[in-house]
Amino acid sequence: MRGSEPLLRIEHLTKIYDDGTRALTDVSFEVARGEFLVIIGLSGSGKSTLLRCINRLVEATSGRVVLDGRDVTAASRDELREIRRGIGMIFQQFNLVRRASVLTNVLAGRLGYVAPAWALANYFPAPVVAQAMRNLERVGISGKAFGRASALSGGQQQRVGIARALMQEPRVILADEPVASLDPALSHSILKYLEELNRNDGITVLCCLHFLSLARRYGTRILALKDGRIVFEGHPGDIDEARFHEIYGEQAEEVEIT
Amino acid sequence: MSVSPGSGAPAAGRRGRGAVAPSAGGSAPAAGRPAGGARSALPVPWYRSWRAFSGLVLAAAVYIYGWHVTQIHLSELWRGARLIRPFVVALATPDVVTRTAVVQQAVAPYEYGGAAPPAAAPTGAPALRLSRTSGGSGDRVTVQGEGFGANRGGTLWWENQIGQRQPLTEFRTDALGRFGATIMTPDVQGTRNEIVAEVVTGYGPLRLSQTFLVVLDRMVETVFLALMGTTMGVVFAVPLSFLGARNLTSHLPAGGAVYAVTRALFNLTRSIEALVLAIIFTVWVGLGPFAGVLALGVHSIASLGKLYSEAIESIDTGPIEAIMATGASALQVIRYAVVPQIVPQFIAFTIYRWDINVRFSTVIGFVGGGGIGFVLQQYINLLQWPQAATALWMIALVVAALDYASAVVRERVV
C-alpha cells in the first residue's frame, strides 16, 4: 500500500433517488488516515446519503468510492460484506434492536466475522463475548449488558451503538448525526468517545453534525454540503460569517452548544 | 364537524366554506357563535344541507327495501315463542348430572308354543308368579309379585328372545311389597320370552350424565381441532409472510411479482369462508375432524399470512440498516434485525387466530367437519333440548375461558 494513498477517496459521486430527488451531485473529496472529518449542512443537504453511499447502504447512481485502494462501488456481494466489516456506523436513531439485550446488540456488530450457522442460533464464541463486554466497559455501561436495549436512556443507547461499531474493529467509523436525537447536554459525552477512538485507536471518523460549534470543536477538517454539492472544504477556523451564511442560508443564525 | 354544503345551495355554500376555513384550526365552537356581523358567515347546519337530506332519503330507501328482502316479521317472534320455550327452559336445566336408579328386579320366563322351565323357588327375594307360563300371543296372564319394597311404583316389561323390551303395564306395590297385575301377551317373534318386573327403590349418588360426557369428549376434540388448524396455519404462514412483505421482497430479484402473487393468494383464500372450505374438504378426506383441521388450517394460513406480512412491513428499518452495515448476510439481517421485532406481534396474532378458530370449530361440525357442532346439530334436530343446552353451555364456557386466557397471554407478550 502506498503511503501517500488516502484512506478514502470519493470520486464524482452522484445520487438520484427513484423518485427523482437529486441528493448528491458530483461530490469528490479525500479523507486521510486518522482524520476526524465533520460534514455539515442543513437537513436534506445530502449528508446522510453521502455516508450511506460509502458503505453502500445506498447505491450511488454514478461515481466511485475507493476505500484503502479497493473500489467499494464495484465490489461483489461477498466483497461488499467484507468491506462493510471494516466500516463501523453510528446512527442518529441509534438503530438498536430494542427488544434484544444490550449484549446481543453489541455482539451483532461481530456478525460479519463469525460463522454464519452459529450466529443464527445466537451463539457467539467466548472470546467474542469477552470482547463485547470489554467494549461495553469502554463506553461505561457494562452493568446493563443483560438488560433490554429499550430500557436504556438515549445517551446510553448511543453508547451501545458505539460499542457495536467497535466490535467490527473498524478502520473507519461513519457517524450519521450521532447526537441529534440526544439532549444537547449529552452531545459532548458521545462525541468525546468518538474523539478518543480517533486519537487513541487511530480510527478515521466521518461525522455528520448539525451544530457548527460542535463541528469546530471536534473536526480536524470540515466539509460542508448544500443541495448535494460541496460548498466548503477546509479547516474549522476558516468558517467565518460569510461562509456560514453560504452554507446555511441568509436566515440562519448560529446556535452555540457548550 | 363542518359539512360542506352541496351544489343545492351554491351561494350559501361559498359563504359556508369561507367560515369553515379559519375554524379548521380547532376553534370551531368559537367561530360557530359569533355575534352580529359574523352571522351571515355561519356554516349551514348539517341537517339543512342538500347532501344530508339526500343521504337520509337514500338511507331510508335502502332500509325499507332491506326490511322486505330479509322478510323481517316481528310478529313471528311472538307466534314462534311456544316452539322455542322448551329450549329456553332447557337452558336452565341442562343435562349435566344424573343418578343411577337402584332397581329391584324379578324375572319369570314365558314360552310361546312350548313348556316353560320351572320357576325358581321363592327365597324372600323379589319374585314373580304367573297364572300360566306358556302359550301364545294374546294370552291373558295374571302376574303376582312379592318381596319388593313397600308402596313403590314399578313397571312390567316384556323381553323377547333377543333382549328387546316393551312396557306392559305400571303397578304399585302394597305395604307388604306385593302387587298383582293382568297383562296381555304381545305379538312377538321367537319363543323364549321373559316378563320382568322392576321397582325403583332409590337413587345412587350424583354423577355426570352420558350427555355431558359425550359433549365433553366432543369439546376436547373441538379445542384440539382449533389447535391443529391454527398450528397448520402458523407453520405455513410464517415463511409465506416474508414473501408477502413489501419491504423484504423489494430486495429480491423479481420481488414485486413474488409480493403480488403471495398477497393475491392470501386475499383469495381468505375470501372463502372456512365453512365452505370445510364442505370441500369433507368431500376430499371424508367427514370428521380432519376435514375441519384442513379447513381451519387453510383459512388460517391466509389470515395469519396477511397479518404477519403487515407486521413485517411495519417494522423499524433502522436496525436492518445497522445490521447490514456490520457486514452481516441477508439471513443474519433477518435473524438479528427483523425477527426480534416481529416475534411479539406474531405471538399476539397467533393467539388471536387460535381464539377465532376455537369459536369457529364449534360450528364446523354442522357441515361434517368434526367437533361439538356435530352433536349439537343432532340434538337440535331431534328436539333434545336439555342435551342441546348442555352442548351450548359447554361451548359458551370453554370459549369464554379460552378467550380470557388468551387475552391474559396477549397482554403479557405485547
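How many residues does the contact take from chain B, and how many from chain A? In this predicted model, 18 residues come from chain B and 22 residues from chain A. On the side of chain B that touches chain A, the elements that give two or more residues are helix 11 (317-325) and helix 12 (330-361) of chain B. By class, the residues of this side of chain B comprise 10 nonpolar, 6 polar and 2 charged.

Within chain B, helix 6 (residues 210-243) and helix 14 (residues 385-413) were examined as a pair. Two packed helices are described by the angle between their axes and the distance between the axes. The axes of helix 6 and helix 14 of chain B come within 10 Å and cross at roughly 35°, and the crossing is right-handed. Helix 6 of chain B contributes Thr211(B), Phe212(B), Val215(B), Leu216(B), Met219(B) and Val223(B) to the contact. These residues meet Gln387(B), Thr390(B), Ala391(B), Met394(B) and Val398(B) of helix 14 of chain B. The contact between helix 6 and helix 14 of chain B has 8 nonpolar and 3 polar residues, and no charged residues.

In chain A, 6 strands form an open sheet with mixed pairing, in the order 6-7-8-3-9-10. Strand 6 (87-90) and strand 10 (229-234) of chain A each have a single partner strand, so one side of each is left without a neighbour in the sheet. From one strand to the next, the twist averages 15°. Strand 3 (residues 36-40) of chain A pairs with strand 8 (residues 204-208) of chain A in the parallel sense over 4 bridges. Opposite Leu37(A) stands Leu206(A), in strand 8 of chain A.

Definitions and conventions
Residues are numbered from 1 along each chain as its sequence is written. Chains are lettered from A and ligands numbered from 1 in the order in which they are written. This is a predicted model: local features need pLDDT of at least 70, side-chain atom pairs count only at pLDDT 80 or more; totals for chains, interfaces and linings use all residues. Two residues are in contact if their C-beta atoms, placed from the backbone, lie within 7 Å. Ala, Val, Leu, Ile, Met, Phe, Trp, Tyr, Cys and Pro count as nonpolar, Asp, Glu, Lys and Arg as charged, and the others, Gly among them, as polar. Axes are lines fitted to C-alpha atoms, for helices over the stretch in contact, and angles run from 0 to 180 degrees between N-to-C directions. A crossing is left-handed if the near helix is turned anticlockwise from the far one by less than a right angle, and right-handed if clockwise. Two strands pair if DSSP finds at least two bridges between them.
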